[in-house]
Amino acid sequence: MKKLLAMLLAVLMLASLLVGCANNTPGDENSTAATEDETSVLSNLAVPDKTYDGKQVMFLTRDASEWTTVDIYAEELNSDPINDAVYRRNDAIQTKYDIEILETPTNDPFSSVDKDVAGGAGEFHAIIQKLGDCATISTKGHLHNLNDVPYMNFEQSWWDQKALSGLSIGGKVYFATGDLLTSDNDGTFIVMFNKAIAEDNGFENIYELVNNKEWTFQKMYEMCKVAAKDLNGNSKMEYDQDILGTAVTGNSGYCMMYAAGIVVTAKNENDVPEYVLDVERAVDAIPLAYQIIGDSNVALDMNQIGDLNVVENGKKCFGDGHALFFQECMQCVIRLRSYDIEFGIVPFPMFNEAQGEYYAHMNEVGGMVSIPISIVDTELEEIGAIVETMAAYSVETLTPAYYDISLISKSTRDEESRPMIELILENRIYDIGYVFNASWGGYVGTIASKFMTGKTNVASTKPNSFKKAMSKTLKNFDIET
């Protein structure tokens, strides 16, 4: 009965997604494209209109507690919005192209990829791992330049254009993200605010402040200072007894740095990263950021409390109503499902109104897709077509589930947060210096830490080692600096 239901769902989905498609792509008589009146996003999908004789397509995915991959494979329907969207997407594609989408979870992607590439085994066809690990794997020469993979078209809307332009190196793309995945969204940091505390203090409508480009470091601090209350009168702020202005995490330094539009690297005209840290702007921004995330009278770091981790401390603090603001990744919205709290989502504030734009930080834990060099020739064409198809189908399956059900309806219960989430995801900063932070001497982390400590001695933090390490990595990509 379950199999019959799955087949029926696949047929219904195919009917709604593929109506109007015709084989009329110039120069490829076997390509799937749509007629002029096609309104579906799939009208832009151009891949071979063929079947693959039951081919098993294996993804190397993450096995990492709450960051375990959930957006590639689903064994069956289970009423979870993301799981069921993945299942329906895959089932429709599997039915149309006669393939089987599978996964091999791993908690050691480096060994898995090293072994596969060294042996030329091709045991998995695509890699879904966190950004930081994909970056490390790419330096070993183990990944295809995705620009050269047939049928992967990065001009399409289902690929994150900011990620492509920010993470490419010398015109080459080794890892990418977009509608195919939700873990990149989950790894993006946001500011959640307790609506009751905001209302009790008579604060301005924060959504309107954002829309009017008036949401700044200073404005956020003013609210933090008013909201913070030592309820038990012991002259120290406690995460589960008092009301904090802001509950922060170890990543808040990065978030505030990037929110101020401060990056350590930027691309030159040849798409090669260069050191560009604006020391003066950082010195000006650090004191204002520190007031929000470092002043012990208004803020506490959820990483530094008792034996519990930041996840549990943060949920307890914000979920139980002990903080006006909570700076955490988007995944935390789902973690708060079991708490009876009305909260909204807004971007991190601007340094000042002159900045004019909001910027968001995506942690390196966010997912990316890559293809190992062990996949070659005809099989590379097949995998390129299948990954492209999965990304395109996700626009009308996985992405709506993430927004409409998983975040908006089931978790935040706040439709006003939807445009805020869209704004956040559209304005993520991808700093190559951050992506390779561990192998480039931790320099970017050092600068971000100053936002947490309030130290403005940025100029004394010399970038010589950072530049040397960056140059070495670029040479691995055959780029001379």
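## Surface and overall build

Accessible areas here come from the Shrake-Rupley method with a 1.4 Å probe, and for residues only the protein chains shown count as cover. On that basis the protein exposes about 19600 Å², with carbon and sulfur atoms supplying 47% of it. Keep in mind that this is a predicted model: local features need pLDDT of at least 70, side-chain atom pairs count only at pLDDT 80 or more, and totals for chains, interfaces and linings use all residues. Residues are numbered from 1 along each chain as its sequence is written, and side-chain values use heavy atoms, with hydrogens and water left out.

The fold comes to 19 helices and 16 strands (DSSP runs numbered from the N terminus: helices are H or I with at least four residues, strands are E with at least two). The radius of gyration is 23 Å, close to the 23 Å the globule rule gives for 481 residues, so the protein is as compact as a globular protein of that length. That radius is taken over C-alpha atoms, and the rule is 2.2 Å times the number of residues to the power 0.38. Along the principal axes, the C-alpha trace spans about 70 × 55 × 45 Å.

## Burial and contacts

Of the 481 residues, 57% are buried (under 20% relative accessible area; exposed is over 50% and partly exposed in between, with a 1.4 Å probe and protein chains only). Among contacts (heavy atoms within 4.5 Å) with a separation of 6 or more, 75% join residues 24 or more positions apart.

Helix 3 runs over residues 109-119, and its buried residues are P109, V113, D116 and V117. They cover an arc of only 95° around the axis, which puts them on the same side of helix 3; the arc is that of the directions from the helix axis to the C-beta atoms. Turned away from that buried side are the exposed residues K115, A118 and G119.

So what sits over the buried residues? The cover includes strand 4 (55-62), strand 5 (99-106), strand 6 (126-130) and helix 4 (131-139). Just after helix 3, G120 takes a positive phi of about 60°.

## Two buried residues

W215 lies in the loop between helix 8 (206-211) and helix 9 (217-227), and at 0% relative accessibility it counts as buried. Leaving out residues up to four places away in sequence, W215 touches a list of residues including I206, M220, F325, F348 and Y358.

N185, found in helix 6 (residues 183-186), is buried too, with a relative accessible area of 10%. With the sequence neighbours up to four places away not counted, N185 touches M330, Y402, L425 and R428.
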